[in-house]
Amino acid sequence: SYGPNLQQRMMMDRQEQNYQSTENMQIQRQRQQAWQAKENAIQAQIERYRSTPYYGSLAVNPKNFDIYVVTGKISEQSSANKALELCGDSECRILKTFANSCAAVTYPIDSHEFFVVVDRSPQKAVSRAATACASKYGVDGCTISRHEGRYPYAACSGYEYGAYTKK
């Protein structure tokens, strides 16, 4: 005999294709499992970041009533200390320290009273602070504190607000 006949050859080709198909499926399954393991590790890391408190503090200088904002600190004390340091005056005081949330400050135009509200939603913090001031001084009698940041009228600190990007 001169080797396999046509029928035997076709059967051998099918067996080879089946073997390759099985091997490809195993490789696909291994890739999928590796991807899933990597995804699970990433999700676990994100959950750790979400559960880690990132602190923010608001300090006020009583001489000029400027407000200083610090966010993304890993301790309440370091957040407050940094806000006071930025304020730069021995009479500066902390208005509020908060974690994994947003703080908004409103104040009456012709008074030095501060309305500070903390909420997980920056929009709700601003709205509630504005309502608190307006209920006492009227809508036209209040100003919302503005600062640099992702949310211009609310200081936010926590994983959800980008604290993980700060060093």
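Student: Is Glu-160 buried, exposed or partly exposed?
Tutor: Glu-160 is partly exposed, with a relative accessible area of 38%, and please keep in mind that this is a predicted model.

Student: Which residue does Glu-160 form a salt bridge with?
Tutor: Its partner is Arg-50, and the closest N and O atoms of the two are 2.3 Å apart. Arg-50 is itself partly exposed, at a relative accessible area of 40%.

Student: OK, and how many salt bridges does the structure hold?
Tutor: There are 5, among them Lys-136 with Glu-113, whose closest N and O atoms are 3.1 Å apart. That pair links Lys-136 in helix H3 (residues 122-137) to Glu-113 in the loop between strand S4 (101-108) and strand S5 (115-119), 23 residues apart. Another of them joins Arg-128 to Asp-119 at 2.8 Å, where Arg-128 is partly exposed at 44% but Asp-119, at 18% relative accessibility, counts as buried.

Student: Switching to H2, which of its residues are buried?
Tutor: Ser-79, Ala-80, Ala-83 and Cys-87 are the buried ones in H2. Seen down the helix axis, they fall within an arc of 95 degrees, so they line one face of H2, while Gln-77 and Glu-85 on the other side are exposed.

Student: What do those buried residues of H2 pack against?
Tutor: They pack against strands S1 (55-60), S2 (67-73) and S3 (93-99).

Student: And what happens just after H2?
Tutor: Gly-88 comes there, taking a positive phi of about 80 degrees.

Definitions and conventions:
Residues numbered from 1 in each chain as written. Predicted model: local features only at pLDDT ≥ 70, side-chain atom pairs only at ≥ 80, totals over all residues. Heavy atoms only, no water. Buried < 20%, exposed > 50% of the residue type's maximum accessible area, 1.4 Å probe, protein only. Helix = DSSP H or I, 4+ residues; strand = E, 2+ residues; numbered from the N terminus. Arc of directions from axis to C-beta. Contact = heavy atoms within 4.5 Å. Salt bridge = Lys/Arg side-chain N within 4 Å of Asp/Glu carboxyl O.
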